[in-house]
Amino acid sequence: MEKFINNTCTDDELVEIRDWLRESDDNVSDLLGTELAAMIAFDIKDNTESTERIARKIRHRIIERQQRRAHRRRLSIIRWGTAVAAMIAVAATFAWLRLDRPDIKIIRIVATDTTRTVTLPDSTIVDLNCNSMLRYPEYFTGNDRIVELTGEGYFDVTSDKTKPFTVKGRYLTVEVTGTQFYFNSRDSADNIVNLFEGSVEVLLNNRHESIVLIPEQRACYNIETGEITVESPKSTIDVTWRNHIIPFENANIEEIGDILYRLYGIPIKLDKDVDLVKTYSGGTIYYSDIDSTLTQLANTIPLTFKNHGDRIEIHTIAE
């Protein structure tokens with residue numbers, strides 16, 4: 001435990017910690033509590049005095065609990081290990097697992113005003129959307145490939161069944177061996193995992209639950225309610241920023257208007273003459289301004305529009 005806090009664990013010890021995290025332990029709250037977890041998550045600094053002070057508090061806390069429970073059960077090394085796992089599981093509510101290792105350089109790639117493409121040490125390719133950041137080690141060691149994402153990323157993971165690939169976000173963690181998926185891990189919006197190829201396991205960081213997605217499924221985590229749902233959307237705009245195409249399938253003009261609203265944030269008002277029965281499939285080019293996108297769309301769909309600044313009015317043309 002002290003070695004983990006001080007970032008001096010060996011690769012094998014880090015693997016053990018990972019395995020402990022995956023175990024369920026109903027004594028999480030009783031053993032350590034959220035106060036201790038918050039202290040670990042926010043107080044640890046890269047200096048000896050701080051880490052030693054925290055380690056002493058943890059040892060004292062565990063000894064107290066061992067004494068209170070001695071008359072009820074025999075605590076073995078395995079039980080102590082489970083307690084450490086519980087500590088880390090609760091701490092994960094407040095902070096991600098640290099990638100930092102004293103002997104491995106951590107690389108931070110930030111996409112600000114434009115998208116960026118990153119090639120990881122295992123040849124995995126990651127496309128980052130604007131205002132997103134990826135953290136990863138200079139090289140992968142042990143039996144894991146672990147990276148951290150803040151924002152939005154599209155992952156094309158190099159297949160390696162002996163080394164699972166893990167993407168840690170603020171609320172969700174995605175585990176794969178080789179696949180293509182989109183991950184939205186922003187703090188201020190619902191978190192989304194959209195699978196395009198292969199399979200992924202989506203884990204909730206704040207509790208021992210997970211779901212498995214198959215291609216064309218999308219998991220959406222509501223950051224306000226803590227609920228996660230799985231859906232199979234007719235089309236997705238999650239990666240419009242990446243391929244610059246707005247897709248729609250069997251969608252009427254109202255549904256297309258909803259897609260445009262999600263992309264541009266401008267309300268779409270349909271005239272009473274709009275035909276909501278006819279549907280359209282295909283796509284249109286995604287431009288930075290909605291007028292250019294609607295002009296392009298009008299080349300394939302019989303519609304006209306007028307931009308009033310605070311809203312868009314759409315009319316249909318008789319075919």
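**Close-up views of a predicted model**

**Figure 1. The N-terminal cap of helix α8.** Asn252 caps the N-terminal end of α8, with a side-chain oxygen 3.1 Å from the backbone nitrogen of Glu254. The model shown here and in the other views is predicted. At the other end, α8 is followed by Gly265. The phi of Gly265 is positive, near 75°.

**Figure 2. Length and buried side of helix α8.** Helix α8 covers residues 253–264, 12 residues in number. Buried residues of α8 are Ile253, Ile256, Gly257, Ile259, Leu260 and Tyr264. Because these residues cover an arc of only 155° around the axis, they are on the same side of α8. An α-helix has 3.6 residues a turn, so residues three or four places apart point the same way.

**Figure 3. Packing partners of helix α8.** The strands packed against by the buried residues of α8 are β14 (245–251), β15 (268–270), β16 (280–285) and β18 (312–316). The buried residues of α8 also pack against helix α9 (290–297).

**Figure 4. Phe155 and the nonpolar cores.** The largest nonpolar core has 30 residues. Leu134, Phe155, Phe181 and Val193 have the most contacts inside this core. A second, separate core has 19 residues, including Ile246, Tyr264, Leu294 and Ile312. Tyr264 is also one of the buried residues of α8. Leaving aside neighbours within four places in sequence, Phe155 is in contact with Ile125, Val126, Leu134, Val147, Leu149, Phe165, Val167, Thr179, Gln180, Phe181 and Phe183.

**Figure 5. Two loop residues with positive phi.** Ser123 is found in the loop between β2 (116–119) and β3 (125–128). Its phi is near 80°, a positive value in a residue other than glycine. Ser123 is partly exposed, with a relative accessible area of 47%. Glu216 is found in the loop between β11 (210–213) and β12 (218–221). Glu216 is not a glycine either, yet has a positive phi of about 75°. With a relative accessible area of 64%, Glu216 is exposed, the cut-off being over 50%.

**Figure 6. The whole protein, for context.** The protein has nine helices and 18 strands. Of its 319 residues, 43% are buried. Among contacts between residues at least 6 apart in sequence, 50% join residues at least 24 apart.

Key. Residues numbered from 1 in each chain as written. Predicted model: local features only at pLDDT ≥ 70, side-chain atom pairs only at ≥ 80, totals over all residues. Heavy atoms only, no water. Core = buried A, V, L, I, M, F, W, Y, C linked by side-chain atoms within 4.5 Å. Buried < 20%, exposed > 50% of the residue type's maximum accessible area, 1.4 Å probe, protein only. Contact = heavy atoms within 4.5 Å. Helix = DSSP H or I, 4+ residues; strand = E, 2+ residues; numbered from the N terminus. Expected span 1.5 Å × (residues − 1). Arc of directions from axis to C-beta. Polar contact = N/O pair within 3.5 Å; in protein donor to acceptor, adjacent residues only side chain to side chain.
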